[in-house]
Amino acid sequence: MKAMASLVGRGLPAALTDIGLALLAAGGCLLLVIPANGQSLRSPDTQWLVLVLLTALPLAVHRRLPVVCLLVTTSAVSTLQALSYVPQLARPEGTLIGPTYLAVAAAVFLTAMRRGPWVATAVAAVFIPLDSLVEALLAPGGHRIAAFLTVAVLLLAAWALGRLARARAAIRDEAVERAAALERGQAANARAAVMHERARIARELHDIVAHNVSLMVVQTIAADRVQERTPEKTHELHAAVEQTGRDTVTELRRLLDVLRTDEEAETDPSKEPPQPTVDALPELIESVRATGLDVDYRMTGMPVALPAGTHLTAYRVVQEALTNTMKHAGPTRTRVRVAWEEGPERLTIRVCDDGPDGTAPPARGSAAPAHGTGYGLVGIRERLAAVGGTLHTGVRPGGGYCVHAVLDLSSPPSSIPMKGTDPNAAHQRSAG
């Protein structure tokens with residue numbers, strides 16, 4: 001903060017300024033000879049030298065003792081005039097403002113600039129009138145009013161300039177503080193954006209790993225079952241497990257690389273992993289078919305341009321539904337329907353399975369963990385809510401299970417919460 005303040009124009013250090021003013025005042029009082037124009041003045045002596053030093057040198061410590069400096073300087077100047085070491089301020093020949101009076105004005109200026117409103121008010125209301133009155137009493141007869149007004153105007157002008165300088169310094173400091181606060185706010189917003197992005201990446205990590213690991217489990221079980229009958233099929237399944245594992249490790253490394261980069265790299269879109277779209281559904285279907293799941297996939301209608309988030313949501317709906325089917329129904333028949341509809345414009349996704357052997361969904365079997373976290377369909381609901389979609393899940397009357405999602409493409413996303421036909425059934429079939 002101090003470095004920033006100096007850059008915006010705080011100026012020279014206060015101690016250096018005070019020493020410079022003290023040397024300037026001392027030099028002016030010692031070297032500048034002002035003609036007396038007939039006025040009888042005392043010759044300089046030791047007492048004069050002491051009073052001159054008391055006039056100027058206190059300015060060097062004004063930063064530490066501003067009020068004491070003002071009183072000592074003013075008293076020394078009044079004593080110099082009372083002892084006739086300096087010419088009168090107002091006299092028959094006219095008004096003459098010497099270096100001693102300028103030293104008093106400098107002390108008033110610095111006090112008004114460096115002290116708070118109470119001290120500044122006391123200087124203007126008490127000190128300046130009293131000093132003006134003292135100078136008026138020391139002035140020759142007939143010139144007391146002129147001396148009073150001259151001192152009052154000089155010191156009030158110095159006081160006003162000091163308050164103005166203090167106000168400008170306060171405005172400058174406030175501007176610097178606001179800039180620093182704005183910078184802190186921007187840094188906080190950047191950190192919040194990074195945390196939000198990391199949370200999004202964590203959700204992506206869950207979806208990808210859950211799907212791939214589930215796929216590997218199903219493929220391993222299928223390989224174990226067909227090992228004795230068809231060794232060739234077993235070899236294919238083992239190769240598929242190996243490839244799926246490699247893909248999972250690649251995705252993990254890619255996502256962790258994004259999480260470990262600094263804030264600048266995290267905000268760079270080129271550092272983010274590519275996200276799947278609706279166009280990648282055929283590849284997803286083929287990978288699922290390799291596990292032994294009979295998938296009938298059809299897409300109807302004319303595709304339209306979609307935002308990246310909507311593309312990803314549609315892909316995740318199908319992925320999560322097929323993952324649930326593999327885990328809880330096993331190698332059954334599944335139908336995936338993706339329909340681009342018009343009037344109203346929307347994208348409908350329906351994934352239905354026949355259940356294991358065409359019967360109703362059983363309890364957890366060997367193809368799925370005994371206890372799931374239930375985050376799969378919950379995450380899909382959140383994704384659909386973010387893009388203005390709805391989700392319906394439940395058990396089919398004739399056996400099996402259906403996941404039905406509708407994405408409204410004709411209106412912007414809303415914050416309306418999702419609703420399902422059977423929340424309890426959805427929880428039963430949600431993926432871990």
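Helices (H or I, at least four residues) and strands (E, at least two) are DSSP runs, numbered from the N terminus. The model is predicted, so local features need pLDDT of at least 70 and side-chain atom pairs count only at pLDDT 80 or more, while totals for chains, interfaces and linings use all residues. Residues are numbered from 1 along each chain as its sequence is written, and side-chain values use heavy atoms, with hydrogens and water left out.

Two strands are taken to pair if DSSP finds at least two bridges between them. Strands S5 and S7 run antiparallel and are joined by eight bridges. Within this pairing, Leu-347 stands opposite Leu-407 of S7. Strand S6, residues 389-395, also runs antiparallel to S7, with seven bridges joining the two. His-392 stands opposite His-404 in S7. Five residues separate S6 from S7 in a hairpin, and Gly-399 in the turn has a positive phi of about 105°. As a general point for reading such strands, side chains in a regular strand alternate between the two faces of the sheet.

In general, a disulfide is a covalent bond between the sulfur atoms of two cysteines; the search criterion is a pair of cysteine sulfur atoms within 2.5 Å. One disulfide is found in the whole structure. The partners are Cys-352 and Cys-402, with an S to S distance of 2.0 Å. The link of Cys-352 and Cys-402 is right-handed, with 120° about the S-S bond. Cys-352 belongs to strand S5 (residues 346-353) and Cys-402 to strand S7 (residues 401-408), so the pair ties together parts that are 50 residues apart in sequence. Both ends are enclosed: Cys-352 is buried at a relative accessible area of 6%, and Cys-402 is buried at 9%.

The side chains of Arg-335 and Asp-354 are joined by a polar contact of 2.8 Å. Such a contact is a pair of N or O atoms within 3.5 Å; within protein, one must be able to donate a hydrogen and the other to accept it, and residues adjacent in sequence count only if both atoms are side-chain atoms.

Nonpolar packing comes next. A nonpolar core is a set of buried Ala, Val, Leu, Ile, Met, Phe, Trp, Tyr and Cys residues joined through side-chain atoms within 4.5 Å. The largest such core has 34 residues, of which Leu-281, Val-318, Leu-322, Val-336, Leu-347 and Ile-349 touch the most other members. Two or more residues come from each of helix H7 (144-226), H10, strand S3 (294-300), helix H11 (308-328), S4, S5, helix H12 (376-386) and S7. Helix H11 gives the largest share, seven residues. Not counting residues up to four places away in sequence, Leu-281 touches Tyr-297, Tyr-315, Val-318 and Val-338. Another core, of 21 residues, lies apart from this one and includes Ala-22, Ala-56, Leu-70 and Ala-105.

Charged side chains complete the survey. Side chains of opposite charge can pair when their charged atoms come close. The structure holds 10 salt bridges, each defined as a side-chain nitrogen of Lys or Arg within 4 Å of a carboxyl oxygen of Asp or Glu. In helix H10 (residues 281-289), Arg-289 and Glu-286 lie three residues apart, about one turn of the helix. Their side chains meet in a salt bridge with an N to O distance of 2.8 Å. Arg-289 is partly exposed at 33%, as is Glu-286 at 47%. Another salt bridge joins Glu-177 and Arg-184 at 3.3 Å, N to O. Glu-177 is partly exposed, with a relative accessible area of 38%, and Arg-184 is partly exposed at 47%. Arg-298 forms a salt bridge with Asp-296, their closest N and O atoms being 3.9 Å apart. Asp-296 is buried, at 17%. A network of salt bridges links Asp-294, Asp-296, Arg-298, Arg-333 and Arg-337.

Note on methods:
Buried < 20%, exposed > 50% of the residue type's maximum accessible area, 1.4 Å probe, protein only. Contact = heavy atoms within 4.5 Å.
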